[in-house]
Amino acid sequence: MPEIAAVKAALAAQRIETPSWGYGNSGTRFKVFAQPGVPRDPYEKLDDAAEVHAYTGVAPRVALHIPWDRVDDYAALSSYARERGLELGAINSNTFQDDAYRLGSVCHPDAAVRRRAVDHLLDCVDIMDATASADLKLWFADGTNYPGQDDVVARQERLAESLAEVYGRLGEGQRMLLEYKLFEPSFYTTDVPDWGTAYAHCLRLGPRARVVVDTGHHAPGTNIEFIVALLLRAGRLGGFDFNSRFYADDDLMAGAADPFQLFRIMYEVVRGGGLADSAGIAFMLDQCHNIEAKVPAVIRSVLNVQEATAKALLVDREALAAAQRDGDVLAANAVLMDAFHTDVRPMLRDLREEQGLDPDPVAAYLRSGRQERIAAERVGGAQAGWGA
C-alpha cells in the first residue's frame with residue numbers, strides 16, 4: 001500500500017486552477033439568476049479566487065476569459081493577482097458571442113470573418129505575454145446544423161490554417177490547448193467534436209499543441225479515462241476542464257454527478273505520471289454555479305477533485321499489477337473498489353491542519369461572514385456574467 005506521507009505530499013503539491021467566470025452570474029438557455037455579492041469586474045473575481053485558495057491551499061491559479069475579463073492594463077491585473085497570492089492561468093478565447101460568428105468563426109466560409117476570429121486569438125496571445133500566462137485555451141462553437149450547409153472538409157482546412165497562424169505566434173514556453181465538444185450549439189456537425197479530431201490537429205501543429213479534456217463534453221457512456229490514458233501515453237494531454245454532467249454539458253460541480261468516474265480519471269492520471277510538474281497537465285475547473293453561492297461551490301469542487309486524487313493515490317498498484325498478471329478479474333477490480341470506497345476525508349482534514357488551514361474549508365468560509373459582507377458591499381455597477 002502507498003505510504004500515507006507520500007500521498008499527503010502529492011496532495012499538498014497538487015494545483016487546481018479555478019475559472020474567473022465561475023465567480024460570475026450564469027444560467028441556462030432560459031434564465032440567468034443574479035446573486036448578491038457577485039463580482040463586478042476581474043479584480044473582484046480575483047478577490048473571490050483568493051478566498052478559495054486561502055481556504056484550500058491548492059488553488060493559486062485563475063483562468064481568464066476574453067473579452068469577459070478584458071481590462072485596460074493586464075500587467076496591473078497580473079500584479080494584483082500576485083498581491084492576492086495568485087497567478088493568472090490559461091487565457092480562454094471567445095469566438096462564439098459575436099453576431100459575425102453565426103456560421104462559425106475560424107471555420108466560417110467568409111475569409112473576413114475568419115480574419116476577425118484569428119485576430120481575436122492573436123490578441124489573446126498578446127494578453128498571455130502581458131500576464132505571463134503559459135496556456136492559450138481554445139474552444140470553438142463552429143459547426144453546422146443541416147446536411148449540405150457547408151463543406152465539412154473545407155471547414156477542417158480553414159480550421160487548420162487558422163490554428164497554424166496562431167500557433168506560429170506563440171512565444172517561448174507558451175502552449176495551445178485545444179478543447180473538443182460532442183455537440184452544441186451546432187447539432188449536425190461540430191468542427192472539433194472529439195479527442196481524435198483535436199489530437200489530429202495538435203499533431204499537425206507541433207509539440208506545444210495539446211488536447212484539453214472537458215469531462216462534460218462527451219456522449220453518454222464514453223470511457224473518458226481511456227481517452228485520458230491514451231493522450232497521456234502520447235504526451236498530448238494538456239489539461240482538464242473538470243465539471244459534472246447528467247445529460248449533456250451541464251457544467252455542474254466536479255464530482256457531483258459521478259464521483260466514481262472522477263476517481264477513474266484521476267487514477268489514470270496518477271498511473272500515467274500526470275501529477276508530476278514535468279507532465280504539464282493543467283487541472284482546471286469549468287463550471288457554472290447557477291443557483292448555488294459561487295465561492296463555497298468552487299471550494300467544494302476543489303475538495304471533490306482532491307478527494308478523487310487522494311483515492312487514486314491510495315490504489316495498491318502492486319496488488320493491482322499482480323492481479324492483472326494472474327488474470328484475476330475480481331481481485332483486480334476489488335483493488336480499485338477498495339481505494340474508491342476509502343474515506344479519505346480524515347486524511348485530508350489532517351493534511352489541512354498540518355498546513356495551518358481549517359480542516360473544513362466550506363464551513364470555515366461560511367463562518368467567516370464574508371459572503372454576507374460582499375453582498376452588502378458589492379452594490380451598484382454591473383455584475384459579471386456571460387458577456388460581462
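Here are questions and answers on how features of this predicted model get their labels.

User: What makes the strands a barrel, and which strands run in it?
Analyst: The barrel is closed and has 8 strands, in the order β1-β2-β3-β4-β6-β8-β9-β10. The pairing is parallel. Neighbouring strands of this sheet are turned by 30 degrees against each other on average, direction ignored.

User: How do you know that β1 pairs with β10?
Analyst: Pairing needs at least two bridges. Strand β1 (residues 16-19) is joined to β10 by 2 bridges, and the two run parallel. Therefore they count as a pair. Glu-17 stands opposite Met-284 in β10.

User: What makes β9 and β10 a pair?
Analyst: They share 4 bridges, in the parallel sense. The cut-off is at least two, so the label holds. Gly-239 has Ala-282 of β10 as its bridge partner.

User: And how do you know that β3 pairs with β4?
Analyst: Strand β3 (residues 87-92) and strand β4 (residues 135-138) are joined by 2 bridges. At least two are needed, so these strands pair. They run parallel. Across from Asn-92 stands Lys-137 in β4.

User: Which way do the residues of β10 point, and are they buried or exposed?
Analyst: Strand β10 covers residues 282-285. Ala-282 and Met-284 point one way. Phe-283 and Leu-285 point the other way. All are buried.

User: Why is Cys-124 called buried?
Analyst: Its relative accessible area is 1%. Buried means under 20%, so Cys-124 qualifies. Cys-124 sits in helix α4 (residues 111-131). Leaving aside neighbours within four places in sequence, Cys-124 is in contact with Ile-66, Ile-91, Ser-93 and Leu-136. Take Ile-91: Cys-124 is 33 residues from it in sequence, and 6.7 Å from it in space, C-alpha to C-alpha.

User: What makes Val-125 buried?
Analyst: Val-125 has 0% relative accessibility. That is under 20%, so the word applies. Val-125 is also found in helix α4. Not counting residues up to four places away in sequence, Val-125 touches Leu-136, Val-166, Arg-169, Leu-170 and Gln-174. His-217 lies 92 residues away from Val-125 in sequence and 25 Å away in space, C-alpha to C-alpha.

User: Why is Phe-187 called exposed?
Analyst: Its relative accessibility is 51%. Exposed means over 50%, so Phe-187 counts. Phe-187 lies in the loop between β6 (175-179) and β7 (189-190).

User: What makes Phe-187 part of a patch?
Analyst: Phe-187 forms a nonpolar surface patch with Leu-182 and Phe-183. Together they have about 270 Å² of accessible area. A patch residue must have over 30% relative accessible area. Phe-187, at 51%, therefore passes that cut-off.

User: Which residues of helix α7 are buried, and what do they pack against?
Analyst: In helix α7 (residues 224-234), the buried residues include Ile-224, Ile-227, Val-228 and Leu-231. The buried residues of α7 pack against α6, β8, β9 (237-242) and α8 (259-271). After α7 comes Gly-235, with a positive phi near 70 degrees.

User: How does helix α6 lie, and at what angle to β8?
Analyst: Helix α6 (residues 195-205) lies across β6 and β8 (209-214). The angle to β8 is about 160 degrees.

Key
Residues are numbered from 1 along each chain as its sequence is written. This is a predicted model: local features need pLDDT of at least 70, side-chain atom pairs count only at pLDDT 80 or more; totals for chains, interfaces and linings use all residues. Side-chain values use heavy atoms; hydrogens and water are left out. Patches are made of residues with over 30% relative accessible area and no salt bridge: like charges are joined within 9 Å, nonpolar side chains (Val, Leu, Ile, Met, Phe, Trp, Tyr) within 5 Å. Accessible areas come from the Shrake-Rupley method with a 1.4 Å probe; for residues, only the protein chains shown count as cover. A salt bridge is a side-chain nitrogen of Lys or Arg within 4 Å of a carboxyl oxygen of Asp or Glu. Buried means under 20% relative accessible area, exposed over 50%, partly exposed in between (1.4 Å probe, protein chains only). Axes are lines fitted to C-alpha atoms, for helices over the stretch in contact, and angles run from 0 to 180 degrees between N-to-C directions. Contact means heavy atoms within 4.5 Å.
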